[in-house]
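Thanks for making time this morning.

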Amino acid sequence: MAVICRDYSTVVDLLSSENQLYATFHALVEGQRRRPEPTEFDRDRRAADSILFPYYEREIRFAVLSLDGGGAGFYGPVSMVLSPVAIANRATVFEKNTLEFVRERNLGPGRPVPAGFRSDWTSKHKVAGAKSHTEITATTGTADFPRILLDGDRFIEVHIFGSLHRRSITRIVMQRAARKADLAFQSQIRDMIETDGLAIALETV
């Protein structure tokens, strides 16, 4: 499944209305709704995205491939599991974080993205198998597979073309909160799902 991890406020905004859309980094910057952080990551991501998604980088939403609904938690404590029906005909998967990939291979003008690291949604298992086969042995159990696929900052990226809204979400997984502010956000998310009758399963882990 494709999972997006974000902070509470972003999830609340997305759930608040049928008209609210999940905006990309590039759209937020161009719309003057956020500014790039003064970090090497934000400085390089535009160049990397233009290499992987020439002329349409503004339309790409990023997720990670997951077996259990968990996501890349450093992007936020709330995992939004996307409905396969909502994304299957407009999603591809990629072997790893695209910025890392571009840096490692020194990609740029005259050095295109090599073949064999990307597939459409229906062939995502081939990318996962090619990347992770060395970690699977005769003693590997079913419980090991989620960690093999997604472990911290090691993951397979999902690239989704076009908009996402609250009807694109089929499940939300929240980390247990200790702060009062986070508990308030979790309660708000729960109330919004129930009040609007959204077909979203809610879990706390």
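S79 is buried, since its relative accessible area is 6% and the cut-off for burial is under 20%. Please keep in mind as I go on that this is a predicted model. S79 sits in strand β3, which covers residues 78-82, and, leaving out residues up to four places away in sequence, S79 touches V3, I4 and C5, then G69, G70 and G71, and finally R171, I172 and V173.

One of those partners, I172, leads us to the largest nonpolar core, which has 32 residues and in which L15, V158, I172 and I189 are those with the most contacts. The largest share of this core, five residues, is contributed by α1. If we take L15 and set aside its neighbours within four places in sequence, L15 is in contact with R166, I169, I172, I189, M192, I193, D196, L198 and I200. There is also a second, separate core of nine residues, and L52, I60, F94 and F101 are among them.

Let me now turn to helix α8, where I189, M192 and I193 from that contact list of L15 are buried, together with D182 and Q186. Where do these buried residues fall when α8 is seen down its axis? They lie within an arc of 125 degrees, and therefore they line one face of the helix. On the other side of α8 we find K180, E194 and T195, which are exposed. The buried residues of α8 pack against α1 (8-15), and also against the strands β7 (169-174) and β8 (201-204).

Just after α8, G197 takes a positive phi of about 65 degrees.

That brings me to backbone angles elsewhere. Most residues other than glycine have a negative phi. Which residue has a positive phi of about 75 degrees although it is not a glycine? That is Y55, which lies in the loop between α3 (40-52) and β2 (60-65), and which counts as exposed because its relative accessibility is 86%. N106, likewise not a glycine, has a positive phi of about 50 degrees; N106 is found in the loop between α5 (98-104) and β5 (118-120), and with a relative accessible area of 52% N106 is exposed too.

Finally, the chain as a whole. The secondary structure comes to eight helices and eight strands. The radius of gyration is 18 Å, close to the 17 Å that the globule rule gives for 205 residues, so the chain is as compact as a globular protein of that length. Along the principal axes, the C-alpha atoms fill a box of roughly 50 × 50 × 30 Å.

Buried residues make up 40% of the 205 residues, and, among contacts with a separation of 6 or more, 78% are between residues 24 or more positions apart. The accessible surface of the chain comes to about 11200 Å², and carbon and sulfur atoms account for 52% of it.

I am happy to go back to any of these places on the screen.

Conventions:
Residues are numbered from 1 along each chain as its sequence is written. This is a predicted model: local features need pLDDT of at least 70, side-chain atom pairs count only at pLDDT 80 or more; totals for chains, interfaces and linings use all residues. Side-chain values use heavy atoms; hydrogens and water are left out. Buried means under 20% relative accessible area, exposed over 50%, partly exposed in between (1.4 Å probe, protein chains only). Helices (H or I, at least four residues) and strands (E, at least two) are DSSP runs, numbered from the N terminus. The arc is that of the directions from the helix axis to the C-beta atoms. Contact means heavy atoms within 4.5 Å. A nonpolar core is a set of buried Ala, Val, Leu, Ile, Met, Phe, Trp, Tyr and Cys residues joined through side-chain atoms within 4.5 Å. The radius of gyration is taken over C-alpha atoms; the globule rule is 2.2 Å times the number of residues to the power 0.38. Accessible areas come from the Shrake-Rupley method with a 1.4 Å probe; for residues, only the protein chains shown count as cover.
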